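Dear colleague,

Please read them with the coordinates open beside you.

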Amino acid sequence: MSDSITVARPYAKAVFDLAKNGNTLNEWEKLLSYLSIMTSDSNVVHFIKNRTISHNEKSNVIVDFLKSCNFFSDNTQDLSINFVNVLAYYNRLVCVKDIYCLYKQYMNLHLGRIEVVVRVACTISSSQKEQIIDCLSRRFNKKVSALFEIDKGLLGGFLIKTGDFVLDASIAGNLVSLRTKIMM
């Protein structure tokens, strides 16, 4: 995974710089998101990895498909097509998912926001969600975009993840911690 991230980083940085300078952050985010989903499909991966198909054919198929869906914005069409061509030429189409993840990190940092995943043991109310988001906003001093997931394996409490930061306030996590302390 780290090799793929290392390969993806310069592409993500270059696209982010283009998007920031062109004021097209959302258009590029949408394109990268779609390309990430597209290149995660097993049939597309097989197509991309097929060495008997030239890089021109690969990029043409992807670009033609995106054009047929009217996916390109007028502001980014030429640069987007060139981006796909470069990725195909250097056999980097399989790295699009990592490019997208890094791009989102750069974009969130630029916009002063953070994305978190909040796992809860059961359904919580909208006001509880707002309280959690408010607390996290104050904790990180950023706008927080939260994805709430239900995980009954937590038994109770919650688990929050963002990047390297993990806050485990779940009953299951506390039981594991207690077991570790007892075993020592």
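N91 counts as exposed because its relative accessibility is 55%, where buried means under 20% relative accessible area, exposed over 50%, and partly exposed in between, with a 1.4 Å probe and protein chains only. The residue sits in the loop between helix 5 (77-89) and helix 6, and its C-alpha atom is separated by 8.3 Å from that of K49, 42 residues apart along the chain. Helices and strands here are DSSP runs (H or I of at least four residues for helices, E of at least two for strands), numbered from the N terminus.

Before going further, please note that this is a predicted model, in which local features need pLDDT of at least 70 and side-chain atom pairs count only at pLDDT 80 or more, whereas totals for chains, interfaces and linings use all residues. Residues are numbered from 1 along each chain as its sequence is written, and side-chain values use heavy atoms, with hydrogens and water left out.

N141, in the loop between helix 7 (126-140) and strand 2, has a phi near 55°, a positive value in a residue other than glycine, and with 69% relative accessibility N141 counts as exposed. L155, in the loop between strand 2 and strand 3, likewise has a positive phi, near 70°, without being glycine, and L155 is exposed at a relative accessible area of 55%.

Is T76 buried or exposed? At 5% relative accessibility T76 counts as buried, although it is found in a loop, the one between helix 4 (55-68) and helix 5. Leaving aside neighbours within four places in sequence, T76 is in contact (heavy atoms within 4.5 Å) with T24, E27 and W28.

As for the chain as a whole, it holds 8 helices and 4 strands, which run from the N terminus as α-α-α-α-α-α-β-α-β-β-β-α. Its radius of gyration is 20 Å, well over the 16 Å that the globule rule gives for 184 residues, so the chain is more spread out than a compact globule; the radius is taken over C-alpha atoms, and the rule is 2.2 Å times the number of residues to the power 0.38. The C-alpha trace spans about 60 × 35 × 25 Å along its principal axes. Of the 184 residues, 33% count as buried, and of the contacts with a separation of 6 or more, 69% are between residues 24 or more positions apart.

The largest pocket contains about 680 Å³ of space. A pocket here is an open set of points on a 1 Å grid over the protein atoms alone, where a 1.4 Å probe fits and protein lies on both sides within 12 Å along at least five of seven lines, and lining residues have an atom within 4 Å of a point. Of the 24 residues that line the largest pocket, Q105, N108, E115, T162 and G163 are the closest to its centre. Helix 6 (96-111), strand 1 (113-120), strand 2 (143-150) and strand 3 (157-162) are the elements that give two or more residues to the lining, with the largest share, 8 residues, coming from helix 6. By type, the lining divides into 12 nonpolar, 5 polar and 7 charged residues, where Ala, Val, Leu, Ile, Met, Phe, Trp, Tyr, Cys and Pro count as nonpolar, Asp, Glu, Lys and Arg as charged, and the others, Gly among them, as polar.

With best regards

Terms used. Points joined across faces, edges and corners; volume = space filled by probe spheres on them.
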